[in-house]
Amino acid sequence: MAEIDIPEHLIALERTAWAEQQAGALTVETAAAVQQAYTEHAAATEGLSRLALEMETKRAVRHPAEA
């Protein structure tokens, strides 16, 4: 997979969502905000898959040693 440039605001949103999920407190609002940000960034970036962006962002947040 080609390297994806992940904006810091997506990393921050995903970190918030991951922390909430780990605490068993993920809100609909947080989940929706993250998904909306993925969708908007992928749409604004020609040829970037929303799914690839989401997967790479989650990997960077959840497994930073691999990033």
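## Salt bridges, to begin with

A salt bridge here is a side-chain nitrogen of Lys or Arg within 4 Å of a carboxyl oxygen of Asp or Glu. In general, side chains of opposite charge can pair when their charged atoms come close.

A quick word on the model: it is predicted, with local features needing pLDDT of at least 70 and side-chain atom pairs pLDDT 80 or more, while totals for chains, interfaces and linings use all residues. Residues are numbered from 1 along each chain as its sequence is written, and side-chain values use heavy atoms, with hydrogens and water left out.

## Two helices side by side

Let's look at helix α1 (residues 8-22) and helix α2 (residues 28-44), which pack at about 150° with their axes 9 Å apart. Helices are DSSP runs (H or I, at least four residues), numbered from the N terminus. Axes are lines fitted to C-alpha atoms over the stretch in contact, and angles run from 0 to 180 degrees between N-to-C directions. That angle makes α1 roughly antiparallel to α2 (the label covers angles over 145 degrees).

Who touches whom, counting heavy atoms within 4.5 Å as contact? On the α1 side the contact includes Leu-10, Leu-13 and Glu-14, and on the α2 side Ala-33, Tyr-38 and His-41 are among the residues taking part.

## The pairs in helix α3

The structure holds five salt bridges. Back to Arg-50 and Glu-54: both sit in helix α3 (residues 50-62), four residues apart, or about one turn of the helix. Arg-50 is partly exposed at 30% relative accessibility, whereas Glu-54 is buried at 11%. Buried means under 20% relative accessible area, exposed over 50%, and partly exposed in between, using a 1.4 Å probe and protein chains only. Salt bridges also link Arg-50, Glu-54 and Lys-58 in a network.

Arg-59 pairs with Glu-56, their closest N and O atoms being 2.4 Å apart. These two are three residues apart in α3, so about one helical turn separates them. Arg-59 is partly exposed at 26%, and Glu-56 is buried at 15%.

Glu-8 forms a salt bridge with Arg-15, and here the closest N and O atoms are 3.6 Å apart. Glu-8 counts as exposed, at 53% relative accessibility, while Arg-15 is partly exposed at 48%.

Methods. Angles under 35 degrees count as roughly parallel, over 145 as roughly antiparallel, 65 to 115 as roughly perpendicular and the rest as oblique. Contact means heavy atoms within 4.5 Å.
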